[in-house]
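Me: I would like to go through this model by question and answer. Please keep each reply brief.

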Amino acid sequence: MDGLNRLTAMQDKVLITQGMQPFAQRVAKRLPAAYVPLFGSAADVPQVLIDGGNFLRIPHPNAPAFVHEVLKRCLDREISVVIPLGIQELHPMAEARPLFSEYGIDVWVPAVNTLTQLPVIENPPKQMPLVILSADTVIVGKRVNRQFDGLSGVFTPSDSGDEIALCCIAD
């Protein structure tokens, strides 16, 4: 195996939904090199982007088979992490975390019972700092207050660091 193939084999593919949106691109740029971002979108994606291999079409979150279609694409493309960013995607993907986990795929969104209690910021501006969490691991940003341990997703902390808000894109 040559060096490039070894490097690719050691990287996790991450599906970031709402991939045509600037916030999704910003999240991807913040990920460490160990993660290879792929972008999913229910919006029209130019065929040239699909052909390039970094974009894929996913159904709208209101579609009956949304979760299963996203899972199928993850399995087809060997994706190990999904970061749902659309406000309408959060609850279905939170509910589907156990299903994805059965296939070795992490869904970086809070658990359903936690999701309903978190403040949400839609379309956060660029100047807001981001913290990307996967359970007990800080992927991007600084560790926030210990009370937020176990959370997964893209967040922004308050100025004091005592509170955290989930970041997403308005659908």
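Me: Is N123 buried, exposed or partly exposed, and what is its relative accessible area?
Reply: The model is predicted, so local features need pLDDT of at least 70, side-chain atom pairs count only at pLDDT 80 or more, and totals for chains, interfaces and linings use all residues. Residues are numbered from 1 along each chain as its sequence is written, and side-chain values use heavy atoms, with hydrogens and water left out. Buried means under 20% relative accessible area, exposed over 50%, and partly exposed in between (1.4 Å probe, protein chains only). N123 is partly exposed, at 44%.

Me: Where is N123 found, and what is its phi?
Reply: Helices (H or I, at least four residues) and strands (E, at least two) are DSSP runs, numbered from the N terminus. N123 is found in the loop between β6 and β7 (131-134). Most residues other than glycine have a negative phi. N123 is not a glycine, yet its phi is positive, at about 50°.

Me: Which residue is the bridge partner of T156 in β10?
Reply: Strand β9 spans residues 153-157 and strand β10 spans residues 164-168. The two pair in the antiparallel sense over three bridges. Within β10, the partner of T156 is A165.

Me: Why is one side of β3 and of β5 left without a neighbour in the sheet?
Reply: The open sheet with parallel pairing has five strands in the order β3-β2-β1-β4-β5. Because β3 (55-57) and β5 (106-107) stand at its edges, one side of each lacks a neighbour in the sheet: each has a single partner strand.

Me: What angle does the direction of α2 make with that of β2?
Reply: Helix α2 (residues 22-30) packs on the sheet and touches β1 (12-16), β2 (35-41), β3 and β4. Contact means heavy atoms within 4.5 Å. Axes are lines fitted to C-alpha atoms, for helices over the stretch in contact, and angles run from 0 to 180 degrees between N-to-C directions. The angle is about 170°.

Me: Within what arc do the buried residues of α4 fall?
Reply: The buried residues of α4 are F66, V67, V70, L71 and C74. What covers these buried residues includes β1, β4, α5 (87-95) and α6 (97-102). The arc is that of the directions from the helix axis to the C-beta atoms. Seen down the axis of α4, the buried residues line one face of the helix, because they fall within an arc of 130°.

Me: Which exposed residues does the face of α4 turned away from its buried side carry, and what is the relative accessibility of E78?
Reply: That face of α4 carries H68 and D76. E78 is in the loop between α4 and β4 and has a positive phi near 55°. E78 counts as exposed, at 63%.

Me: Which residue has its backbone nitrogen 3.0 Å from a polar atom of the side chain of S41?
Reply: S41 lies in strand β2 and is buried, with a relative accessible area of 4%. Leaving aside neighbours within four places in sequence, S41 is in contact with G19, M20, L56, R57 and I58. The backbone nitrogen in question belongs to A43.

Notes: Two strands pair if DSSP finds at least two bridges between them. A polar contact is a pair of N or O atoms within 3.5 Å; within protein, one must be able to donate a hydrogen and the other to accept it, and residues adjacent in sequence count only if both atoms are side-chain atoms.
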